[in-house]
Amino acid sequence: MEVALVTEELTEVQMKKLLGFQKKKKIEAFQLALAEYRDAIGEWDMTNFQDAGPRWREIGALKCDCGKVLRYQYTVTNRLTAEIHNFGIYHLQAETGFSDQVIRGIGKYLNAADREIEEVEQRLKENWRLTFEIPESLELPDELRSTLNDGLPLSKREEKQLSHLVFEAQRQEWRSLPPQRMPISEYERKSINLFGELDFTNDTKPIGPFDLKESEKAFVIGMLESGCSSSMVIAGELHNAGHYTERFLTGRTKLYPLCVFYMDRLVGEGRAVLIQDFGLQDRMYKLAEIK
Ligand SMILES: [Zn+2]
C-alpha cells in the first residue's frame, strides 16, 4: 500500500514537486474515505501526511503511536474531541480501532491515489509532455490546473479528463461557426496556383455527372506528371486554377470526388497506380510507367 519514490532518476526540483503531489494525493484520498464512512466512525479529519525521506531509519523523526519508527506517517484528528492518532498505514486499524469495512474502504482510496502517484513519477522520468493544445478559453477544473501549474505530468485519468474537456470545447466552437466559415484545409489556405489557369480550348460537355471536363483532366494529368500524388492537393489546385467556389461543409472542394473518380478510371485503364488510400482523408496516385 506504500509507494517508495525513487530519487536517482529525478532532479531535486522534480523530486520536491513529486513529494508535494504525493502528500496532496494521500491526504485527499484519506479525506474522501473518512467522509464516506463518517456515519460509522465519527468526525475524523486527515490532518497530515509526512515522508521522513530515504534516511528515515537513522533520523527516526516520525513515529507510530506504538513507538515504531516510520518513513510515512499519517495523522488523523477528531473534530469534536481533538483526539489525534499518528500511525504507519500497517497500524491504521490498531491505532484507530476503525472497523474492517472502514479499513478496506480507506485502502481502496489510498490504492487509487498510489497508482496515480506512480504514474506521475513514471511520466516525470519519461519527460512526459501533453500532446495536444489547451484552448485559452477553456476553464480547467482546479485539480487539473494546479497539477499543470506545478509543472507536473498529468496522470492517465487526468489526461483523459482533460482531452475530453478540450474535445468538448472544440466541438462547441465548431458548432457555433456558420458553415461558410468552416476552416478549409491547411493545404488549400496556402495554395499558390503553381499550375496556372485552365485551358478550355478542347472542352466538350462532360459525359456523366462525375466527369471532369477535358481541360480539368489535362490539369490533373499535368499535376501527376509533375510528381504530385495527393488527390486532395490536386483537387485543391484545380479548384483554385478554375476559380471554382463550391465546397462541402468540411471545406473540401466539390471537385475532390470528381478527381478521385477520374484518377480511379486512369488506374482502370492502366495509366495510373493507386499508391496509398487514406480512406476519406486522401488517396495518392502516380502515373504508370510506360514500358
Ligand atoms: Zn503502530
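How are the donor residues of the zinc ion spaced in sequence? I read the pattern as C-x1-C-x24-H-x3-E.

**Ground rules.** I am working on a predicted model, where local features need pLDDT of at least 70, side-chain atom pairs count only at pLDDT 80 or more, and totals for chains, interfaces and linings use all residues. Residues are numbered from 1 along each chain as its sequence is written, and side-chain values use heavy atoms, with hydrogens and water left out.

**Zinc site.** I looked up the donors (N, O and S atoms within 2.8 Å of the metal, 3.2 Å for Na, K and Ca; water is not among the atoms, so sites may look incomplete). C64 (SG), C66 (SG), H91 (ND1) and E95 (OE) coordinate the zinc ion at 1.9 to 2.7 Å. C64 sits in the loop between strand 2 (62–63) and strand 3 (69–70), and H91 in the loop between strand 5 (84–87) and helix 4 (92–96), so the pair ties together parts 27 residues apart in sequence. Helices (H or I, at least four residues) and strands (E, at least two) are DSSP runs, numbered from the N terminus.

I then checked accessibility (buried under 20% relative accessible area, exposed over 50%, partly exposed in between; 1.4 Å probe, protein chains only). C64 is buried at 4%. H91 is partly exposed at 26%.

**Helix pair.** I turned to helix 9 (residues 214–225) and helix 10 (residues 231–241), whose axes come within 10 Å. Axes are lines fitted to C-alpha atoms, for helices over the stretch in contact, with angles from 0 to 180 degrees between N-to-C directions. The two cross at roughly 135°.
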